[in-house]
Amino acid sequence: MNPKASLALGIIFISFSPIFVKLAAEPAITAAFYRIFMAWIFLLPYCVIKGMLKISTRDLLITLICGIIFAADIAVWNISILKISATVSTLLANLAPVWVGLISFFILRKQTGKLFWVGTIIAIAGMVVLVGYRNIIALHINEGVMLAVLASFFYSLYIVTSKGVLQRVNTLTFMFYNMLASMVFLLALRIGGGHNLVNFPADTWLYFLATGLICQLAGWITINYAIKFLPPTKVSITLLSQTVVTGILAAIILHEKLGLTEIIGSLIVLGGIAITFLKSRSAKIS
């Protein structure tokens, strides 16, 4: 599959995540655990039958670390979703390109190029329009907002850390061990908290299953595939469009209204993303 098309498809899949978390209405870490568990259980037999478990010790260690980072991202984001609106939480959790750009420039010493920063600024401006600056100002000390921003940092760490190993390891092999580490980490948090892990109504189990198969398995197979071929800065800025898709899904499924401001904000976000994909003569993102 074309990496850009794969990324676009993955964004649509993961955009359902905050919707399912809201509908399940269960503790955030429990929802995060079952998101990973459901996906891993379906991936397990395929990887075993196809003999896709071979991986070097170095790549395994990096993959396990990526899994813990991803679990932390999902956990704090889910908590945020239950404390503030799904749209605002998704907005803040997708500020990863700012972190990725800073990490790439200051730590990895990679030139991001002027068009990347221009596109990032435009995309973030569009997200501010989408949510409303008054709402952002009003929520700036809210715990849910702080957790969503923390999730965006974990999100960026995952993108940057997984880039190298995904270029060497098969996507499904990476996901097998990555999700295994995530699952163990989240299960430890759940057991430590002493919360219910099995007594849920039937519709909640369906939301857990949908989150695992659609958001985690299908979503991250396609996104991880794109990360293998595309620069992490471009992946992170494109993931901003998740806010737009989630807003549309929230309007349809959760009956949230999508007004003119939201539509304009969405178009600005997409415009910013388009700019980041333009080739810059002055610098190349790698």
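# A first look at a helical chain

In the UniProt record, an unreviewed entry, the annotation "domain: EamA" covers residues 8–131 and 144–277; the positions follow the numbering used here, feature names are shortened, and such annotations may be inferred rather than shown by experiment. This is a predicted model, in which local features need pLDDT of at least 70 and side-chain atom pairs count only at pLDDT 80 or more, while totals for chains, interfaces and linings use all residues. Residues are numbered from 1 along each chain as its sequence is written, and side-chain values use heavy atoms, with hydrogens and water left out.

Me: How many helices and how many strands are there in the protein chain?
Reply: Helices (H or I, at least four residues) and strands (E, at least two) are DSSP runs, numbered from the N terminus. Read along the sequence, the pattern is α-α-α-α-α-α-α-α-α-α-α-α-α-α. The count for the protein chain is 14 helices and 0 strands.

Me: What radius of gyration does the protein chain have?
Reply: The C-alpha atoms fill a box of roughly 45 × 45 × 30 Å along the principal axes. The radius of gyration is taken over C-alpha atoms, and the globule rule is 2.2 Å times the number of residues to the power 0.38. For 286 residues a compact globule would come near 19 Å, which agrees with the value for this chain, 18 Å.

Me: What percentage of the 286 residues is buried?
Reply: Buried means under 20% relative accessible area, exposed means over 50%, and partly exposed is in between (1.4 Å probe, protein chains only). By that rule, the buried part of the 286 residues is 52%.

Me: Which cysteine is in contact with Trp-220?
Reply: Contact means heavy atoms within 4.5 Å. Leaving aside neighbours within four places in sequence, Trp-220 is in contact with Ile-14, Arg-35, Phe-70, Tyr-155, Tyr-158, Met-175 and Ile-227, and also with Cys-215.

Me: Is Ser-15 buried or exposed?
Reply: Ser-15 is found in the loop between α1 and α2. Leaving aside neighbours within four places in sequence, its contacts are Gln-242, Val-245, Thr-246 and Leu-249. With a relative accessible area of 0%, Ser-15 is buried.

Me: How many Å apart are Ile-69 and Val-245 in space?
Reply: Ile-69 is found in helix α4 and is buried, with a relative accessible area of 14%. Not counting residues up to four places away in sequence, Ile-69 touches Phe-154, Leu-157, Tyr-158 and Thr-161. Val-245 is 176 residues from Ile-69 in sequence, and the C-alpha to C-alpha distance is 24 Å.

Me: What relative accessibility does Leu-180 have?
Reply: Leu-180 lies in helix α10, and its C-alpha atom is 18 Å from that of Lys-50, 130 residues apart along the chain. Leu-180 counts as partly exposed, since its relative accessibility is 27%.

Me: What value is phi of Ala-25 near?
Reply: Ala-25 lies in the loop between α2 and α3 and counts as exposed at 57% relative accessibility. Most residues other than glycine have a negative phi. Phi of Ala-25 is positive, near 55 degrees.
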